[in-house]
Amino acid sequence: MTTLVFGHKSPDTDSTGSPIIWAWYLNETGTPAKPVLLGEPNTEAAFVLKHWGLEKPAIIQDVTAEDKVVIVDTNNPAELPASINEAKIQAIIDHHLLAGGIRTKNPIEITIRPLACTATIMHDLIGDTLAQAPDSIKGAMLSCILSDTLEFRSPTTTPHDRAVAEKLAADLGVSISGLAAKMFEAKSDVSAFSDAELLRMDSKEYNVAGKELRVSVLETTAPKVVLDRKASLMRSMADVAKEDGADQVLLFVVDIIKEEATLLVPNDLVKQLAETSFGATVTGDTVVLPGIMSRKKQIIPALKL
């Protein structure tokens, strides 16, 4: 039986590339596997697939009790298929906090490490077998790391993430700054997306003080393009929250170059949250948060009401 390898819903570069990398490794070591996605990849991930000549994995909606699966880049049931606990989970490889709620039918391999990127963990787990990998697999691994670390700007970046990326780039003969610039340019092109799609593009669900929050992040080198749409984005937040069973959508627009985030403030709840969580003074419908770039390390741990 073929093992399905997938990451979280609203797949970014890591949740698109890491399933491809791990499926390659499983096949290489004798376990039939194929990568799949839980949605359309974002613009940066789509660029990475094209750049390295990789086929876009099939998109699935759910899994069955007969499916063998490996979960990568998440361990949160809210980000996975509805029937995930019915499937035959084989392993979890992740770099996020332990969310809880996944049930397995047998003991499994679980690897969760405090690194910036799932692909970095996979680099270590694959070991010497990586020498047999085609450039497309190594390129996907490098791209995942550059995406998740924002070219080493993110505070989640560890020396090991950087060392692995530099080693891969040298092996491939690739300029890190050149590749990252192309990736971030692709990530910043959001003109084709509706407001609702932007609010869900890179978002995760969290409960803070009894409030269900959809915490969305848009990383860009052109924040003005997004902020010019702030009025319509804030109007769309109520509909997205209602449709997704949330109390509020938070949108952080991360400026990769200036290394800061702008939070849209549509109401008093978000104003209170911004002031309580980040010590900010909110006087309008946006607030700039200097140095804030990482949802995982800086935003989620700080959220409080």
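How many nonpolar, polar and charged residues does the lining of the largest pocket have? The count is 12 nonpolar, 15 polar and 14 charged, where Ala, Val, Leu, Ile, Met, Phe, Trp, Tyr, Cys and Pro count as nonpolar, Asp, Glu, Lys and Arg as charged, and the others, Gly among them, as polar. This is a predicted model, in which local features need pLDDT of at least 70, side-chain atom pairs count only at pLDDT 80 or more, and totals for chains, interfaces and linings use all residues. Residues are numbered from 1 along each chain as its sequence is written, and side-chain values use heavy atoms, with hydrogens and water left out.

The largest pocket has a volume of about 680 Å³. A pocket here is an open set of points on a 1 Å grid over the protein atoms alone, where a 1.4 Å probe fits, with protein on both sides within 12 Å along at least five of seven lines; lining residues have an atom within 4 Å of a point. The volume is the space filled by probe spheres set on the points, which are joined across faces, edges and corners. Of its 41 lining residues, Asp12, His96, Asp202, Lys204 and Arg295 are the closest to the centre. Strand β8 gives the largest share of this lining, 5 residues; strands (E, at least two residues) and helices (H or I, at least four) are DSSP runs, numbered from the N terminus.

β8 (211-220) also turns up in what covers the buried residues of helix α10, with contact meaning heavy atoms within 4.5 Å. Those buried residues (under 20% relative accessible area, 1.4 Å probe, protein chains only) are Val270, Leu273, Ala274, Ser277 and Phe278.

Notes: Buried < 20%, exposed > 50% of the residue type's maximum accessible area, 1.4 Å probe, protein only.
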